[in-house]
Amino acid sequence: MHPVRQPVLAAGLTALATAATLGLAPGAAVAAPAASPSISVNWFGTADARAHTATVGGRFDCGAERGLAYIEVHLDQRVRRGSVTGFGFGVIGACTDERTAGTWTATIPADQGRFRPGRATTIARLVVEPNSITETTEPVRLRPRCAHP
């Protein structure tokens, strides 16, 4: 048997004792980490130049969070010599044990100018009260809104 250095042996025994205390010893059950909230944006949205609005949507997942929930959406579109921006909300109600995921839609009024068909950038935030915010920045292609008869 090879001689063992005392500091190495002491460190190994300390690590083993710590693992056993935390429940990480072999054969102990380890709890899975809580799922975190997520949000995504659909690839396509619509632009209504007459109404000066754009509509985008996507999916949300509350993860392990529970509480009042809503979507904040910022939309930015480059046009000719400047950009058109807007801000809107998607109301989803609440994240509960019965409702943990779903779809959202938000209609965004332009601050100045008009949203037009073409590329835009969406920043969408899933807010679950009191203190959970999840954000994504994704490109979206706005299509013209079809007029209804």
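I started at Arg-125, which counts as partly exposed because its relative accessibility is 22%. The cut-offs I used: buried is under 20% relative accessible area, exposed is over 50%, and partly exposed lies in between (1.4 Å probe, protein chains only).

This is a predicted model, so I kept local features to pLDDT of at least 70 and side-chain atom pairs to pLDDT 80 or more, while totals for chains, interfaces and linings use all residues. Residues are numbered from 1 along each chain as its sequence is written, and side-chain values use heavy atoms, with hydrogens and water left out.

**Entry: salt bridges**

I looked up the count and found 3 salt bridges in the structure. My criterion was a side-chain nitrogen of Lys or Arg within 4 Å of a carboxyl oxygen of Asp or Glu.

**Entry: Arg-125 and its partners**

I took Glu-135 next. Its side chain meets that of Arg-125 in a salt bridge, N to O 2.6 Å. Arg-125 sits in strand β7, Glu-135 in strand β8 (residues 132–144), and the two are 10 residues apart. Strands here are DSSP runs (E, at least two residues), numbered from the N terminus. Glu-135 has 46% relative accessibility, so I logged Glu-135 as partly exposed.

Then I checked Glu-72. Arg-125 also forms a salt bridge with Glu-72, at 3.4 Å from N to O. This pair links strand β7 (residues 118–128) to strand β4 across 53 residues. Is Glu-72 buried or exposed? I have Glu-72 down as buried, because its relative accessibility is 18%.

**Entry: Asp-97 and Arg-66**

I found a salt bridge between Asp-97 and Arg-66, with the closest N and O atoms 3.0 Å apart. Both residues lie in loops: Asp-97 between β5 (82–95) and β6 (101–109), Arg-66 between β3 (53–61) and β4 (67–79). They are 31 residues apart and link distant parts of the chain. Asp-97 counts as exposed because it reaches 63% relative accessibility. Arg-66 counts as partly exposed, at 33%.

**Entry: positive patch**

Which residues form the positive surface patch? I listed Arg-80, Arg-81, Arg-114 and Arg-116. Patch members have over 30% relative accessible area and no salt bridge, and like charges are joined within 9 Å. The place of an Arg charge is taken as CZ. Areas come from the Shrake-Rupley method with a 1.4 Å probe.

I placed Arg-81 in the loop between β4 and β5. Arg-81 counts as exposed because its relative accessibility is 86%.

How values were computed: Helix = DSSP H or I, 4+ residues; strand = E, 2+ residues; numbered from the N terminus. Patch = residues over 30% accessible without salt bridge, like charges linked within 9 Å, V, L, I, M, F, W, Y side chains within 5 Å. Lys, Arg positive; Asp, Glu negative; His and termini not counted.
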